[in-house]
Amino acid sequence: MKSVGIYIHIPFCRSKCAYCAFDSFFANTDTQKEYVDFLVKEIESFWYADDITADTVYFGGGTPSFLYQGGVTTIINALKKRFEFLPREVSIECNPESVTKPKLEEYRLAGINRISIGLQSTSDTLLKSAGRIHTLQDFFKSVQYCEEAGFQNLSCDIMLGLPNQNINDVTDTLNILFKLPIIKHISMYGLKPEKNTPWQDIVIDEDLAADMYDTAYNLLIKNGFLRYEISNFCKQEYECVHNIKYWKRQDYIGFGLGAHSLIDNVRYANADNLNDYYSNKKERLELTKQQAKEEHIMLALRMAEGLNIIDYNNKFEDNFLIEYSKPIKKLSELGVIELTNSVLKIKPQYMGVMNSIIVEFFS
Ligand code: SF4
């Protein structure tokens, strides 16, 4: 029996944020229903012959909470029919403006046990300039609805490096979140100007963004959050089990527009426009051993637990310490990595320059 994470992509949003390059768009209820009908067929006809256990489920977007009432239950029922459904964690991304009490009650009944809220900032001015259509009050209301519906595990996304954002904005946001015990997880992402978005030409002050990250990191640690991945912090035992599967290159199956899967070391990508998706177009990409190794190293070093060398050697039937002796020697001499008990880690104080360290393994 294969145990996998399942990702469900809901591409709909009520409006478009200034920085967003995701394939997300507005759709009325009829279009949403047509999409869910197709997605259910995609689940029902999933090609893999062996038995599969759905170990985690993640509804991402877009804005899954913008989906019509009942849509999430329809999808979960399809998963229950196609797979052995024994998830440890079922998450859904919600935005404060579209999550309602009846929807949260639906999610709870359907088996969802983790809500991830796209907050980004508690400054209404910054939210407005980023094209977000919710306010801080909307966020408080959505947290209250979550509590009333019986949820106990909430995550919040926040952003660093927004235009006109200063360090106080970041600390204010975190201090508000620390007062809400239901928030067990915080993801922190730096703004990246993406092509073909209204913010494509903005210039990020990288030094300021790095200072924001360092300040936020210290505040999070002081308030009992652990960093388990470069962008992800949580209270003890509240790691996102589903996302850890991505970082550990475990099998996952994605359903929906543009969704990706990794099955037996082969990556699949659904088409990212609706017409092609409805024609079942997919890409199949078999990774070379070297590509898989590099992906494994990059993802493992992003995590606080680091790269387990025995695991690597077993997986790739190779010897990591011999294969990468040069970068290991160089980075050890620079004092930026540590190697203990067959685990290689980037030292916590150098996680901020992680990319320049990881690149040494590929040069
Ligand atoms: S809510 Fe998320 S997916 Fe939708 S437009 Fe904004 S950033 Fe993009």
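These notebook entries record what I looked up in a predicted model of one protein chain.

**Conventions.** I number residues from 1 along each chain as its sequence is written, and side-chain values use heavy atoms, with hydrogens and water left out.

**Entry 1: the whole chain.** I counted 14 helices and 15 strands; these are DSSP runs numbered from the N terminus, helices being H or I with at least four residues and strands E with at least two. The radius of gyration is 21 Å, close to the 21 Å that the globule rule gives for 363 residues, so the chain is as compact as a globular protein of that length. That radius is taken over C-alpha atoms, and the rule is 2.2 Å times the number of residues to the power 0.38. Along the principal axes, the C-alpha atoms fill a box of roughly 60 × 55 × 40 Å.

I then looked up burial and surface. Of the 363 residues, 53% count as buried (buried is under 20% relative accessible area, exposed over 50%, partly exposed in between, with a 1.4 Å probe and protein chains only). The accessible surface comes to about 17,100 Å², and carbon and sulfur atoms hold 49% of this area; the method is Shrake-Rupley with a 1.4 Å probe, and for residues only the protein chains shown count as cover.

Among contacts with a separation of 6 or more, 70% are between residues 24 or more positions apart; contact means heavy atoms within 4.5 Å. For charges, I found 39 positive and 48 negative side chains, with the centres of the two sets 2 Å apart. Lys and Arg count as positive and Asp and Glu as negative, without His and the chain ends; each charge is placed at NZ of Lys, CZ of Arg, CG of Asp or CD of Glu.

**Entry 2: domains.** The assignment, which is automatic or from a database, gives domain 1 (2-246) and domain 2 (288-363). Eight residues from domain 1 and seven residues from domain 2 take part in the contact. I read 29 Å between the two domain centres, taken over C-alpha atoms.

Entry 3: Met212 sits in helix 7 (residues 206-222) and is buried, at a relative accessible area of 1%. Leaving aside residues up to four places away in sequence, Met212 touches Leu160, Gly161, Gln165, Asn166, Ile167 and Val170. Gly161 is 51 residues from Met212 in sequence, yet their C-alpha atoms are 7.8 Å apart.

Lys81 belongs to helix 2 (residues 71-82) and counts as exposed, at 72% relative accessibility. Its C-alpha atom is 7.7 Å from that of Glu44, 37 residues apart along the chain.

**Entry 4: backbone geometry.** Most residues other than glycine have a negative phi, and most peptide bonds are trans. I noted a cis peptide bond between Gly61 and Gly62, with omega about 20 degrees. Gly62 lies in the loop between strand 2 (52-61) and helix 2.

Asn280, not a glycine, has a positive phi of about 65 degrees; its place is the loop between helix 9 (274-278) and strand 12 (282-286). Asn341 also has a positive phi, near 45 degrees. I located Asn341 in the loop between strand 14 (337-340) and strand 15 (343-346), and at 74% relative accessibility Asn341 counts as exposed.

Terms used. Predicted model: local features only at pLDDT ≥ 70, side-chain atom pairs only at ≥ 80, totals over all residues.
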